[in-house]
Amino acid sequence: MHVSRICSDLVKINSENPPGSTAEVIEYIRAFLEALGIRSRVSGNAEGMCNLITLKTGKRLILCGHVDVVPARDTAWKYPPFSGMIDKRYVHGRGSTDMKGGCASILSACEILVNAGHDLPATLVFVCDEETGGENGTRRLLADGDLTPCDCLIAEPTPSRHPAIGQKGLCRLELEFTGVPAHGSLYPVVGVSAIMEAMALIAYVQKLHVKTFPVSADLEEILVRSADVLKKEFNLTDVRDVLRHLTYNPGTIHGGEKSNVVAEHCVLELEMRVPWGCAIPDLKSAIMAHAKNAKILLEESHNPSMTDPASTLVATTCEEVKKVWGGPVFPIVQWAASDARHLRLHGFNVLEYGPGEIASLHAVDERVTIESLEKAVLVYQGVMERYAGMEGKPQ
Ligand SMILES: [Zn+2]
């Protein structure tokens, strides 16, 4: 089946997350693979959040995709979001770029290899909830020991000539500030305002954004090249600052009791994206030193991560991309987080490469070009053939 048809079929199956049921889309994939003689195991929870792993397929390489999509919300789409409409250039609809296009390209590449009489040299993994953090998908499979560390290619959309090999870290804090209430008419002479304490912390974090952190010359070069690529891709200026610096977002703030009372309570949710070279424990101590009247209600953090640019996975993929798209081809790092970090933490080499119109990601009128789907099929096919040649050799 042509890759655009597979992509369209996947888009037509609504798998918005939330709510997050992927039972139907996973069943489509299971049946598709079974028709090729590839057996798989489906696991899931009561809400229908299902994952799929192929059985008795290559162990050195995983090809991976998430089958959930962000909600389509808006009604202003040119074509209905789950139409899966195919025209001369595009497949349209929610998930076509992120990342049912990538999943379709994996399936199509497998179909071509199997029809040519080859065994599948990669394990395929399709997961249910990348868009909401991977708790029932990648993280569950890792916790249950269903995945063994190896090379992993995730078919997330990337620029056509630039696989993504690293992501910034994250530090998310929910802080509760406690003030000393007094009559509002006396502030700031009397009382401590929890709201003003939170404001002071935000002002401090604004200053942190300007700071640069030391990185190696090799990493610096990757950051500069990545910024150039992403600047064009996203039509943004100052991308270098995004990659090199701490970015921050005071996402929510709730505080105060009454307009004439100095605020006793204020809760701030602060999310920071952590650049390479910035140690999260140091960052947290600096934050807490500027939030003396605050306690942490919730926190979540992970370090920036990157797969070695000289690894077999990165080198092989870049070579295959170059055969298909022509040069120059080189890997980049990104600011967004993805499932890659969970896998890296468990010892996998992870690279993301896939078809898509990045500008339409999570947006109204999401679409993917048929050309990028067809070329992704060739890249995945090429990578799998290379790994088939490595089967049995030491890693
Ligand atoms: Zn995605």
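**Reading aromatic rings in this model**

Mentor: W335 has a relative accessibility of 23%, so W335 counts as partly exposed (buried is under 20% relative accessible area, exposed over 50%, partly exposed in between, with a 1.4 Å probe and protein chains only). This is a predicted model, in which local features need pLDDT of at least 70 and side-chain atom pairs pLDDT 80 or more, while totals for chains, interfaces and linings use all residues. Residues are numbered from 1 along each chain as its sequence is written, and side-chain values use heavy atoms, without hydrogens and water.

Trainee: How many aromatic pairs does a search of the whole structure find?

Mentor: A pair of aromatic rings is described by the distance of the centres and the angle of the planes. The search finds 2 pairs here (Phe, Tyr or six-membered Trp rings with centres within 6.5 Å; planes under 30 degrees apart are stacked, over 60 edge-to-face, the rest tilted). Y28 and F32 are stacked, at 6.5 Å centre to centre and 25° between the planes.

Trainee: Where do Y28 and F32 sit?

Mentor: Both belong to helix α2, residues 23-35 (helices are DSSP runs of H or I, at least four residues; strands are E, at least two; numbering is from the N terminus). They are 4 residues apart, which means about one helical turn.

Trainee: Is Y28 buried or exposed?

Mentor: Y28 is buried at 18% relative accessibility, and F32 is buried at 10%. F234 and W335 form a tilted pair, 5.0 Å centre to centre with 55° between the planes. That pair links distant parts of the chain: F234 is in helix α6 and W335 in the loop between β13 and α10, 101 residues apart. F234 is partly exposed at 34%.
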